[in-house]
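Dear colleague,

I am handing over the structure below, together with notes on what was found in it. Please read the notes alongside the coordinates.

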Amino acid sequence: MDSLTRGARAAKNGPIDRPPPEERTLAERGRRPRHTLLEAAEAVFGERGYEHASVAEITQRAGVAQGTFYVYFPDKLTVFVKLVDDLGDRLRAEIRQGIAGLTDRIDIEREGFRSFFKFVARHRALYRIVRQAEFVDRAVFERYYRRMGDAYAKGLKEAAEKGQIEPLDPEITAYSLMGLADFLGMRFILWEGEPQIDRVLEQAMQLIRHGLEPAARRDAGKASAKKR
């Protein structure tokens with residue numbers, strides 16, 4: 001069915017949300033080799049690094065012919081860039097799914113961190129791949145963090161406007177929290193044989209809720225300010 005036919009049906013019967021089953025099947029078949037190649041590239045780049053990885057290794061890991069690789073990607077650099085973008089897309093999608101239905105920003109922070117830690121535990125090459133991107137293709141490296149930071153800052157700005165969190169600069173706050181998650185994920189997810197997600201979450205949320213200043217000192221400061 002061509003696009004004009006689908007458009008005519010939409011005009012008559014309303015919007016068509018999904019293509020017919022036979023077209024979905026063809027689309028899914030087309031995506032499978034690309035997805036398999038990206039998974040193989042994630043493993044190979046994670047193990048070998050960009051400089052030492054080869055297209056031959058990626059196709060061997062994927063179990064496809066080299067000709068199939070070139071149907072989807074013209075060269076090693078392109079598959080690397082697509083992989084970094086794909087990892088970023090999947091990470092953000094997983095976080096969105098993890099916080100779906102939540103309305104309080106503190107709850108959103110907790111479950112967002114949890115989703116990030118779980119993703120890191122499953123994609124243990126994530127850190128190495130993204131860090132390589134800074135030297136392989138600076139644009140995709142920045143894009144990975146900017147897309148995450150922009151969405152994060154937007155959510156924080158909305159929460160501040162609702163009075164759920166302090167009205168701090170949303171972009172600075174977003175990158176501060178991203179840095180916190182990044183290093184906690186490295187130390188307590190990647191470096192540990194058994195990821196310590198619950199323990200790390202508890203401590204991280206204490207810091208996010210209350211900061212570093214002790215409660216007694218905060219209360220003393222408030223009392224002193226009232227006397228002036």
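In this predicted model, helix α6 (residues 105–122) packs with helix α8 (residues 138–161) at an angle of about 160 degrees, and their axes are 10 Å apart. Here the axes are lines fitted to C-alpha atoms, for helices over the stretch in contact, and angles run from 0 to 180 degrees between N-to-C directions; helices (H or I, at least four residues) and strands (E, at least two) are DSSP runs, numbered from the N terminus. The two helices, α6 and α8, are therefore roughly antiparallel, a label given to angles over 145 degrees. Arg105, Glu109 and Phe113 of α6 make the contact with Tyr152, Gly155, Leu156 and Ala159 of α8, where contact means heavy atoms within 4.5 Å. By class, the residues of this contact between α6 and α8 divide into 4 nonpolar, 1 polar and 2 charged, with Ala, Val, Leu, Ile, Met, Phe, Trp, Tyr, Cys and Pro counted as nonpolar, Asp, Glu, Lys and Arg as charged, and the others, Gly among them, as polar.

As to provenance, this is a predicted model in which local features need pLDDT of at least 70 and side-chain atom pairs count only at pLDDT 80 or more, while totals for chains, interfaces and linings use all residues. Residues are numbered from 1 along each chain as its sequence is written, and side-chain values use heavy atoms, with hydrogens and water left out.

Arg105 lies in α6 and counts as buried at 9% relative accessibility, buried meaning under 20% relative accessible area (1.4 Å probe, protein chains only). Not counting residues up to four places away in sequence, Arg105 touches Tyr152, Gly155, Leu156, Ala159, Gln164 and Ile165. The buried residues of α6 also include Ile106, Ile108, Phe116 and Val120, and the buried residues of this helix pack against α5, α7, α8, α9 (170–190) and α10 (197–210).

Helix α5 (residues 76–99) has 24 residues and reaches 35 Å from its first C-alpha to its last, close to the 34 Å expected at 1.5 Å a residue, the expected span being 1.5 Å times one less than the number of residues. The N-terminal end of α5 is capped by Asp75, a side-chain oxygen of which lies 3.4 Å from the backbone nitrogen of Leu77. After α5 comes Gly101, whose phi is positive, near 90 degrees.

Gln132, in helix α7 (residues 126–136), is buried, with a relative accessible area of 14%. Leaving aside neighbours within four places in sequence, Gln132 is in contact with Phe45, Gly49, Tyr50 and Phe80, and its side chain reaches the backbone nitrogen of Tyr50 at 2.4 Å. Gln132 and Phe45 are 87 residues apart in sequence and 9.2 Å apart in space, C-alpha to C-alpha.

For the protein chain as a whole, the secondary structure comes to 11 helices and 0 strands. Buried residues make up 35% of its 228 residues, and among contacts between residues at least 6 apart in sequence, 63% join residues at least 24 apart.

With kind regards

Conventions:
Angles under 35 degrees count as roughly parallel, over 145 as roughly antiparallel, 65 to 115 as roughly perpendicular and the rest as oblique. Buried means under 20% relative accessible area, exposed over 50%, partly exposed in between (1.4 Å probe, protein chains only). A polar contact is a pair of N or O atoms within 3.5 Å; within protein, one must be able to donate a hydrogen and the other to accept it, and residues adjacent in sequence count only if both atoms are side-chain atoms.
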